[in-house]
Each structure stands twice: as structure tokens, then as C-alpha cells.
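Colleague: I am new to this structure. Please walk me through how to read it.

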Amino acid sequence: MSANPTTTFMPCSPSEPQQHLELESVREVPDSHAWPALDDHPTVYEPVPVVDLAGPDASVAHLARVCESWGAFQVTGHGIRSDLLERLESETRRLFALPMDQKLKAARPSNGISGYGLARISCFFSKLMWSEGFTISGSPVDHALKLWPDADPSRFCDVMQDYSDEMKQVAGRVVRLMLLSMGLAPEEMKRAEEGTRVDQLSAVLQLNSYPPCPDPNRAMGLAAHTDSSLVTLLFQSGTSGLQLLRRQDQHGPARWVTVPPRPGALIVLAGDLLQILTNGRYKSVAHRAVVNRNHHRVSVAYICGPPPHHKLSPVGKPASPAPCLAYRAVSWADYLGLKAELFDKALASIMVADDSRGDEGICC
Ligand SMILES: C=C1C[C@]23C[C@@]1(O)CC[C@H]2[C@@]12CCC[C@@](C)(C(=O)O1)[C@H]2[C@@H]3C(=O)O
Ligand SMILES: O=C(O)CCC(=O)C(=O)O
Ligand SMILES: [Fe+2]
């Protein structure tokens, strides 16, 4: 994945003035939000794999194939009740429907993680995205008190807390299945489980809002990126918008594939830490969100990884076609720092030659 080549790639500069337009009331895409080209790769239809956690689809062999070829899948049978998903969507909509000056009271500080703001990756692009985001790391109470100073914060907080608690269980199951699907030797499996067991996982909740856009072919909801997580579990409302980048393979050149909304399903996206942990075997999936003319789409990403300071190191054989390359051990906290500085070059920056293969011939 790379930044849209027709849009200037810029180093992040937190002091850059941010533009907070009330996108819903804009009648024409302003130059600040007009992307020169969204068609870096063709958009094609391909059925996105579905894994039923409660059924035979959850077989490790199936999962290994899906992780290797897609790095993403829809997940059903996850056990999250539909009324919790409905409340999650309605609280997310209630937040973004607030007036801009109210949302800005809970703005994310320039050096912080939590709060309201433009997509964090905005600073790498010369054009702004057609979206707004709200990141929750830890307790949502302080945010809720700033957003709704005169109301009971529990309506918002209970939903976000219940959802996070339940997603942790789902994420734990998904990560464990993915590790099992690698067929690791018992010692390696034990090492892989350190920091990735369900009780150890940490996460942030990212709420995203994509208002209707008067000219969707010129605007970008969320530019192509990979998540830094082990896995991200994404809930999308009944409107499509998420696209996965499929790398060039025997079926054709690189292409965007839209993930159609599937009632009750969540989407699993492999993140950069999974690529590191699996020694490049399960690659993180580049994805983006496109916008549409008529519907206000929202999504909620449960972005999940090991404890922030746990050093994750690769397990399993390095993946071909670069057999001697592996990644150095890194913590999520340190990796986020690299990502904030280097964006899509962060993974490459921690690649190292694998000394254990030193006498096996040419290295890459
Ligand atoms: C823990 C984090 C992952 C994230 C950066 C963050 O500190 C909080 C927001 C996350 C998010 C959500 C939208 C896409 C993304 C790339 C971004 O800009 O902010 C991810 C970051 C990530 O996964 O690296
Ligand atoms: O809204 C979407 O479909 C994508 C959101 C996303 O990629 C993210 O929050 O990291
Ligand atoms: Fe993402």
C-alpha cells in the first residue's frame, strides 16, 4: 500500500491548522477535500470470505488460506447481540450529530490518542478526508461529560464499555484461531500466545463518521492505510464503504474489493502487528473507506493489540518470497510512534536480516 501517488505525500506536522468543516451542510466538495484520483487500482466485485465462528468455517485450514490470501474476512457466529450493535450505532450517530463546537470540546490533544478529530493519517496527505473520527482509549466517561455536560454520561459510556468488553472476547478467539492456523510447534505457540491471550489484549475504539457527499467520486472517506493492530474488528452500518486492497496474485493485478454490509457480521482486518508476529506470513491488509451521495455511514473499529509495552517478536518461518527477512521485536507503543512518523514505511523500517539463515546463501 502506498499513499495515493497523485496526492502529495507529506510528513506529519501536528502544528498544521486543522479544518473542521460541518461536512453535512457542504453543497459542493471544496478544493481542500477534492482528491485528484481515487482510481489508483480498479474496483472489482469479489466475494469476501465469511468465517462462522460458531460453525465448521472456523476450521484452522480455512482460516490459514483466508489470512494468507485476503488478510480480512467477515465474521459471523461471534455472539454479539444485535441490540448491542444497534445501540452502538445509535450512540455513534448521536455523538457525530452534535454541533461542531460541542464535539471540539472533546477534541483530541495534538499529542494524545483519545478524542474527536480528523483522521490521524490526514497529515500525510495534502487533501482532507470526508470523515470525522472519535477515538476512545480507556474510560469514555471524561469524553461523555465534555460532549453532553448536562446529561447522564452512562447512556453513551455503558454501550461503549459493554461493546469493548464483548469485543475483547471475540478478538481473543480470533487471534487464537489465527495462531493455531499457523501450525506452530508447541514452544513457538507458547511464545506467540505471550501478550496475545484474551486477558492480555488492549484496544482502542475508533468511531468513524462519513456524511453524505455531493460528489463522492472526488472525495475520500479514509485514505488507504493498514492498521497498526494485531487485528481490527470493524462494525459497519448498513451502507457499504469499506474497500480492501487485494495484492496482485494469480487472479489479476492489485484491485479494490468492496465489503458489502452483511447484517450482524463484523469484519476482521489483519494489522501490522500480526504481520510482525507471523514473520510476514499473515500480512496486514490495506483498506480505505469511500463515501456516497445519499447515506450517512458510520463505522466502529475495535483496534486491538498486546499490552502497549509488551515486546512482540516473530514466530514461525519467515514468509516467502523474502525468506531471510524478519522483523525485530517491537512493542505496540513503539510501533505506533514509528507509524506516526513513517506511515506506510513503518513496517519496512523494522525489517532485519535473519542471521540464523546466514550460511544458506543469498539474503533477499
Ligand atoms: C492505537 C491507535 C491505532 C490508530 C492510531 C491510534 O493511536 C488511535 C487511532 C487509530 C487509527 C484509527 C484510524 C486509522 C488509523 C491508521 C489512524 O490514523 O488512527 C489507526 C491507527 C493505527 O492503527 O495505526
Ligand atoms: O470505516 C471503515 O470502513 C474503515 C475504518 C478504518 O479503517 C479504521 O477505523 O481504521
Ligand atoms: Fe483501518
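Modeller: Start with a cut-off: a residue is near a molecule or strand if its C-beta atom, placed from the backbone, lies within 6 Å of it. The model is predicted, so to speak of local features needs pLDDT of at least 70, side-chain atom pairs count only at pLDDT 80 or more, and totals for chains, interfaces and linings use all residues. Residues are numbered from 1 along each chain as its sequence is written, while chains are lettered from A and ligands numbered from 1 in the order in which they are written.

Colleague: Which residues are around ligand 2?

Modeller: The shell includes Gln206, Asn208, Asp227, His287 and Ser299. Leu222, Leu234 and Leu242 are also among its members. At least two residues each come from strands E6 (202–210), E8 (231–236), E12 (287–289) and E13 (297–305). Strands (E, at least two residues) and helices (H or I, at least four) are DSSP runs, numbered from the N terminus.

Colleague: How does the shell around ligand 2 divide into nonpolar, polar and charged?

Modeller: Ala, Val, Leu, Ile, Met, Phe, Trp, Tyr, Cys and Pro count as nonpolar; Asp, Glu, Lys and Arg as charged; the others, Gly among them, as polar. The shell around ligand 2 has five nonpolar, six polar and one charged.

Colleague: What surrounds ligand 1?

Modeller: 14 residues do, and the closest are Arg120, Ile121, Gln206, Asp227 and Ser228. E6 and helix H8 (332–342) each give two or more residues to this shell. Its classes are six nonpolar, five polar and three charged.

Colleague: How do I read a helix? Which residues of H1 are buried?

Modeller: An α-helix has 3.6 residues a turn, so residues three or four places apart point the same way. Buried means 20 or more other C-beta atoms within 10 Å of the residue's own; exposed means 12 or fewer, and partly exposed lies in between, with C-beta atoms placed from the backbone. In H1 (residues 60–69), Leu63, Val66 and Cys67 are buried. Down the axis of H1 they fall within an arc of 95°, so they line one face of the helix. That arc is taken from the directions from the helix axis to the C-beta atoms.

Colleague: And sheets? In what order do the five strands stand?

Modeller: Strands of a sheet pair through backbone hydrogen bonds, either parallel or antiparallel. Pairing here needs at least two DSSP bridges. The open sheet runs E1-E10-E9-E12-E7, with mixed pairing. E1 (43–44) and E7 (222–225) stand at the edges, each with a single partner strand, so one side of each is left without a neighbour in the sheet. E1 and E10 (residues 255–258) run parallel, joined by two bridges. Val44 stands opposite Val257 in E10.
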